[in-house]
Amino acid sequence: MADAGGPVLALTTGEPAGIGPELAVMLAADAAPPARVVVVGDPALLAERAAMLGRKLELVTLAPGDPIPAPRQGLLPVWPVALRAPSHPGVLDVANAGYVLETLDAAVAACHAGHAVGMVTAPLHKGVILDAGHVGFSGHTEYLRDRCGVDEVVMLLATDSALHARTPEWRGGGALRVALATTHLALREVSDAITGPRLARVLRILHADLSRWFGVSAPRIAVCGLNPHAGEGGHLGREELDVIIPVLEALRAEGMALDGPLPADTLFTPRHLDGVDAVLAMYHDQGLPVLKYAGFGRAANITLGLPLVRTSVDHGTALDLAGRGLADPGSLEVAVRLAADMARRGGLA
Ligand SMILES: NC(=O)C1=CN([C@@H]2O[C@H](COP(=O)(O)OP(=O)(O)OC[C@H]3O[C@@H](n4cnc5c(N)ncnc54)[C@H](O)[C@@H]3O)[C@@H](O)[C@H]2O)C=CC1
Ligand SMILES: NCC(=O)COP(=O)(O)O
């Protein structure tokens with residue numbers, strides 16, 4: 001939605017028993033939100049969490065398509081979705097899995113209808129959605145891929161200072177962008193999932209979207225090996241020789257600037273990161289611990305390959321903190337700012 005008030009972003013509450021609802025409350029109660037945000041969720045839940053945290057908040061219930069007011073401290077527009085059952089902080093209830101998914105569907109529908117340019121998601125709990133019987137659910141990333149009807153998406157996490165910089169530089173806690181070749185998979189399934197065609201699709205999306213959403217015109221990407229020492233010439237695994245190297249060679253021949261495959265234990269050091277715009281890790285816990293060490297609480301998660309902007313926080317539902325006002329809202333603020341910037345840079349606003 002392109003108009004003078006700035007891009008409209010739909011913010012889903014995520015798991016109602018987690019910290020998502022109170023982060024949405026903090027976003028609007030503690031300062032003017034950094035963009036025009038409308039929360040997709042249960043207004044009574046938000047009012048209850050605001051009261052629990054002692055925050056003053058005016059909740060304005062609207063329908064998709066209604067004008068969204070300019071951001072102002074203390075004001076939170078809401079597109080209502082009703083909880084299926086009362087929700088208590090820290091206590092998961094399978095009954096509310098349908099609520100969580102309905103908020104995502106509503107946000108996607110609003111983007112498709114042009115009522116929002118993108119969505120920002122507060123964390124959901126994958127386990128409770130699976131326990132509720134949504135077989136195969138593995139996260140927002142894959143759910144949004146299917147809802148948007150695309151074949152492949154890429155999860156990218158970026159620390160705050162990497163969101164704008166042309167070239168992230170490592171300063172032991174500095175700027176970093178890390179994308180994943182595989183996402184929510186059991187470790188024993190990772191190797192089989194790293195096929196040549198998949199790796200090529202992931203690299204093409206990463207390359208194109210670094211340019212589209214981040215303004216990096218000729219991205220340089222450093223690629224991790226899968227095995228220790230990138231396979232040690234085939235002695236510690238053959239995925240590098242059989243799959244990764246042939247894909248990198250083919251894409252280099254098309255003009256992509258790709259380093260690697262490099263041993264993942266030393267890739268994340270200043271010499272190898274110098275001049276690199278993003279790192280591609282082969283699996284979740286190869287890349288994300290480094291990213292979170294560098295910038296937990298001031299990083300965001302971005303889904304590349306979608307026809308809409310989607311950002312999210314760098315953390316989960318933190319059930320241990322829910323309802324206590326102890327959660328750090330930093331990552332949500334980064335995710336909202338980034339989504340607005342991406343929409344502008346990508347020509348959506
Ligand atoms: N974007 C999303 O929807 C995400 C969802 N998850 C889901 O969240 C659930 C819990 O996952 P965990 O691995 O326990 O990760 P978690 O991020 O919820 O918690 C890990 C640790 O970080 C702390 N923490 C998390 N967010 C914080 C914040 N904003 N401020 C201060 N401390 C914070 C927690 O208290 C806990 O000690 C799982 O179901 C997971 O799948 C995890 C990551 C992202
Ligand atoms: N570790 C990132 C994560 O679990 C977030 O996944 P998603 O719900 O954004 O797909």
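This is a predicted model: local features need pLDDT of at least 70, side-chain atom pairs count only at pLDDT 80 or more; totals for chains, interfaces and linings use all residues.
Residues are numbered from 1 along each chain as its sequence is written, and chains are lettered from A, with ligands numbered from 1, in the order in which they are written. Local features need pLDDT of at least 70 and side-chain atom pairs count only at pLDDT 80 or more, while totals for chains, interfaces and linings use all residues.

**Two domains**

Let us start with the domain assignment, whose bounds come from an automatic or database source. Domain 1 covers 1-150 + 307-349, and domain 2 covers 151-305. Their centres, taken over C-alpha atoms, are separated by 28 Å. Across the boundary, 22 residues of domain 1 are in contact with 22 residues of domain 2 (contact: C-beta atoms, placed from the backbone, within 7 Å). On the domain 1 side, H5, strand E12 (309-313) and helix H12 (330-345) each supply at least two residues. H12 gives the most, with eight residues. That side of domain 1 divides into seven nonpolar, eight polar and seven charged residues (nonpolar: Ala, Val, Leu, Ile, Met, Phe, Trp, Tyr, Cys and Pro; charged: Asp, Glu, Lys and Arg; polar: the others, Gly among them).

Helices (H or I, at least four residues) and strands (E, at least two) are DSSP runs, numbered from the N terminus.

Strand E8 (residues 220-224) is largely enclosed by the rest of the structure because four of its five residues are buried. Buried here means 20 or more other C-beta atoms within 10 Å of a residue's own; exposed means 12 or fewer, and partly exposed is in between, with C-beta atoms placed from the backbone. Two strands pair if DSSP finds at least two bridges between them, and the table shows the pairings of E8.

| E10 (residues 278-281) | parallel | three | valine 223 and leucine 280 |

E8, helix H8 (residues 239-253) and E9 also make a right-handed β-α-β unit (with the strands pointing away from the viewer, the path from the first strand over the helix to the second runs clockwise).

**Annotated sites**

The unreviewed UniProt entry places the feature "binding site" at His140, Thr141, Lys292, Asn301 and Arg310; such annotations may be inferred rather than shown by experiment. Threonine 141 lies in helix H5 (residues 140-148) and counts as buried, with 23 C-beta neighbours inside 10 Å. Beyond residues up to four places away in sequence, threonine 141 touches Val153, Met155, Thr183 and Thr303. Lysine 292, in helix H11 (residues 284-295), counts as partly exposed, with 17 such neighbours inside 10 Å.

Methods:
Two residues are in contact if their C-beta atoms, placed from the backbone, lie within 7 Å.
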